[in-house]
Amino acid sequence: MDALNFVFPNDLHVHWSMMIVLYPYLTGLVDGSFIVAALYYVFGVKSLKPLSRFSLVFALAFLSCAMFPLMMHLGRPERNQNMMITPSPTSAMSGAGFIFTVAIVLIGLIVLLVYRPTLVNLRLKSKGVMKILYRVLTMDSTNLSPESLELDRKIIKFLVAIGIPVATVLHGYVGFLFGGVKANPSWSTPLMPVIFLFSACVSGISALVLAYIVIKKLTNQPVDLACVRTCINILAGFFILAFSFEMLEVFSHSYLRTWYHHAVEGLLNGPLLYSFWVWQVVICSVLPLLLLGWLCLFKLRASVFKFFAATVSIMLLLQVLLMRWNVVIGGQLMSKSTRGYTQFHPEWFDKEGIITVIVLMGLPFIVLFILSKIFPLWLEEEKASS
Amino acid sequence: MGKPDAGLDKERRAFIKKVLNGTVAGSLLLVIPMPIGAATPEIKEQIPGIRGKKWDMAHKRFAFIVDITLCIGCGSCCVADRLEYNVPAGYYRTWVERYLKDFNDNVYVDSPNGGFDGYQTPRADIDVEVRDTFFVPKLCNMCKEPPCVQVCPVGATFKTPDGFILVDAARCVGCAYCIQACPYSSRYLDPFTRTAEKCTWCYHRVRKGLLPICVNVCPTKARKFGDLNDKNSEVYKLLHEHEVLTVLKKDMGTYPALYYKGLRREVV
Amino acid sequence: MKSTYNSHIKRIVLGLVVFAVLGFVGKIVMTPKSFGKYGPYRADAIDEEANREIRHGTNASCLSCHPNEANMHLTGLHKTISCEFCHGPYADHIKDGKVYGKLPVKTKEEIKVLCLRCHNRAIQARPGEVIKTVIMPEHLEKQKVKVSHTCDQCHQVHAPLKHINRAKEIVGAKEKIDG
């Protein structure tokens with residue numbers, strides 16, 4: 001490092017590492033997939049019906065694994081309940097336990113109510129352990145009268161509606177957690193919760209589109225193109241918003257040129273030159289933006305559309321991951337001395353290391369697989385089996 | 001070295017007499033009951049008005065002043081602090097920074113090992129003529145509006161009614177949010193206890209009427225600590241006379257109780 | 001028992017209420033006793049910190065048992081230096097009022113390093129009026145002393161000018177010794 005680089009002695013170590021990049025990523029995926037469910041159940045976007053159930057189970061699978069990165073990060077995970085027993089009224093992080101509990105109970109209830117008719121039928125048809133499981137999941141009720149279904153419909157709509165602010169807080173508080181740290185000039189901005197939320201929606205919708213296309217391809221099933229088209233249109237809308245806010249943040253600071261500006265500029269043009277400008281902005285933002293424009297505005301052949309929809313989804317999933325990396329880890333590279341930058345070296349076998357990241361990213365898919373055996377993911381398959 | 005001569009012997013006898021008298025007087029302190037245990041009856045008090053009285057939690061106010069013009073970068077403070085608290089190597093409750101300025105107004109700052117070994121050699125990686133050099137000791141600013149307390153999710157770091165910001169090591173979950181929130185980088189995560197730690201202005205010493213250890217060992221009196229309720233204390237006088245005292249990162253709105261005298265414009 | 005159209009909703013609500021009550025009771029039971037006394041934190045932690053082991057004494061506490069050194073130290077230019085900086089903390093030497101460990105005494109090269117921590121002019125930062133600095137090995141050369149000499153061979157570490165001044169007295173005011 002050159003002679004002009006000075007990092008405060010306590011700033012040499014990066015405390016919030018890959019687990020803290022992964023946590024917002026996972027809750028972001030939850031938010032984005034919940035948005036699709038909300039658009040169907042609350043706003044009545046009929047074309048999203050094929051994904052309506054999948055999006056809920058997907059959200060549930062990812063939410064169930066969302067706390068693991070945090071447990072791996074805490075110095076004292078065995079004391080994590082302290083956040084709920086003695087939460088601090090001024091700390092964004094103390095809301096974590098409560099909002100997570102509310103969110104998982106809510107999504108769990110929504111899934112149970114949406115699937116109730118299916119689960120009741122499965123209870124009557126299955127035997128042994130599965131029968132007991134379905135009995136529990138249906139609250140030991142086999143009543144599928146029109147009144148009960150109408151009640152369910154109203155409650156589902158209500159729950160999904162309150163789910164929208166809950167999902168907003170679930171991911172928005174993470175944005176505020178960063179945005180409220182005045183000590184770090186690259187984090188403290190009122191735009192942080194907004195940027196986090198919109199990019200969360202982008203990642204969730206991309207994940208759903210990719211998963212849908214890939215699963216259908218692997219199981220040799222047809223893809224509902226109208227559904228994918230709607231998703232791509234919504235994705236484009238959210239991504240334009242997310243990208244605009246991200247760039248607005250950078251350019252306002254560049255223009256305002258306040259006291260700490262030179263340190264942030266030095267960060268983006270120095271240690272983060274490749275991960276931010278080259279990868280996050282050019283390759284994973286500008287390029288997908290052009291691709292999305294093309295996909296939304298032009299009529300394309302089904303196979304071409306599916307291929308590029310999947311490609312754009314992969315690029316945007318990468319964009320959101322890079323954005324989390326550049327904010328969380330990138331932000332800590334800049335020393336509070338405003339005179340230098342430290343380095344981050346990801347370890348393979350650390351408790352917050354690369355292997356852990358891979359395992360924790362794969363875990364939600366395993367949960368999704370298990371859940372798919374209990375909750376049939378696709379309406380077409382259900383219709384076919386009943 | 002060498003035999004002491006007669007004159008020295010006389011002085012020694014006089015001195016021993018004085019010390020014995022002092023010890024007798026000091027041993028009276030053994031009789032005075034101390035509110036928190038009787039751990040240190042044999043160490044004479046350094047901050048007057050604390051021993052033998054009930055600690056009035058709500059009305060105590062202390063200030064810490066660092067005089068940059070006196071700091072010689074010896075690092076005694078860093079050594080004493082590390083030994084007082086068994087701070088692990090690579091982590092710092094207090095540290096000393098060295099600032100060099102050349103004739104083109106470039107500023108070079110370093111803090112090798114936090115100044116723990118002192119500054120024994122000039123900077124080897126700079127090849128310019130040095131115009132000016134000064135040392136800046138850093139420690140917890142004991143903010144009156146601490147951002148670390150604001151962000152702690154479990155109430156493990158808190159501001160006491162007597163104005164000290166402490167860490168409850170039994171409650172801390174090691175999330176490191178407070179470390180991110182401190183604008184002065186005063187905090188660190190202890191790799192052994194896996195909880196957050198920071199300088200506490202030697203709360204355990206102050207409660208027993210002793211100065212913080214870094215203040216105690218500073219050979220040039222660059223570090224000053226005192227009771228603001230005591231109008232005769234040096235810190236009270238400095239804060240109430242026409243001295244120019246500044247704080248670090250004033251724009252952060254943390255209102256530190258740590259003041260700097262003679263702080264240079266290059267210091268962040 | 002036949003389920004009515006809203007049985008499942010009633011059971012869900014019941015489950016949620018039980019869950020909330022358990023959570024609330026759990027929170028009350030698991031909150032530490034002294035929590036909230038002064039604010040949203042465990043007040044006992046204040047006394048726990050106040051009762052932390054004191055590891056260093058003060059110079060007065062060392063000198064009360066070491067009158068020889070006290071005599072030299074308190075009358076010399078090094079009276080502001082902490083004994084424990086060179087010798088180690090009080091708690092490594094005295095436990096429960098009794099001697100239990102020996103503190104190290106620095107030797108030749110260690111002493112030189114210690115001296116130069118403060119007195120090295122090469123660092124250029126020592127405010128002149130605060131402390132006297134020298135450059136090595138020029139200081140030794142100027143005093144016409146072997147450059148392998150360590151500082152304590154001329155300067156009594158507890159009273160650095162003691163021998164210098166005595167030497168001046170012996171030689172008479174004729175020869176002015178710089179340094």
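**Helix packing and contacts in a predicted model**

In chain A, Val250(A), His253(A), Ser254(A) and Leu256(A) of helix 10 meet His261(A), Val264(A), Glu265(A) and Leu268(A) of helix 11. Two residues are in contact if their C-beta atoms, placed from the backbone, lie within 7 Å. The residues of this contact divide into 4 nonpolar, 3 polar and 1 charged. Ala, Val, Leu, Ile, Met, Phe, Trp, Tyr, Cys and Pro count as nonpolar, Asp, Glu, Lys and Arg as charged, and the others, Gly among them, as polar.

This is a predicted model, in which local features need pLDDT of at least 70 and side-chain atom pairs count only at pLDDT 80 or more, while totals for chains, interfaces and linings use all residues. Residues are numbered from 1 along each chain as its sequence is written, and chains are lettered from A and ligands numbered from 1 in the order in which they are written.

**Helices 10 and 11 of chain A**

- Helix 10 of chain A covers residues 225-256 and helix 11 of chain A covers residues 261-269; helices are DSSP runs (H or I, at least four residues), numbered from the N terminus.
- The two helices pack at an angle of about 135°, with their axes 9 Å apart; axes are lines fitted to C-alpha atoms over the stretch in contact, and angles run from 0 to 180 degrees between N-to-C directions.
- Helix 10 of chain A and helix 11 of chain A are therefore oblique to each other (under 35 degrees is roughly parallel, over 145 roughly antiparallel, 65 to 115 roughly perpendicular and the rest oblique).
- Their crossing is left-handed, meaning that the near helix is turned anticlockwise from the far one by less than a right angle; clockwise would be right-handed.

**Helices 2 and 14 of chain A**

- The axes of helix 2 (residues 49-64) of chain A and helix 14 (residues 354-374) of chain A come within 8 Å and cross at roughly 135°.
- That angle makes helix 2 of chain A oblique to helix 14 of chain A, and the crossing is right-handed.
- Among the residues that meet here are Phe58(A) and Leu60(A) in helix 2 of chain A, and Val367(A) and Leu371(A) in helix 14 of chain A.
- This contact has 9 nonpolar, 2 polar and no charged residues.

**Chains A and B**

- In chain A, 31 residues are in contact with 37 residues of chain B.
- The side of chain A that touches chain B has 12 nonpolar, 13 polar and 6 charged residues.

**Domains of chain C**

- Chain C is divided into domain 1 (50-105) and domain 2 (106-179), with bounds from an automatic or database domain assignment.
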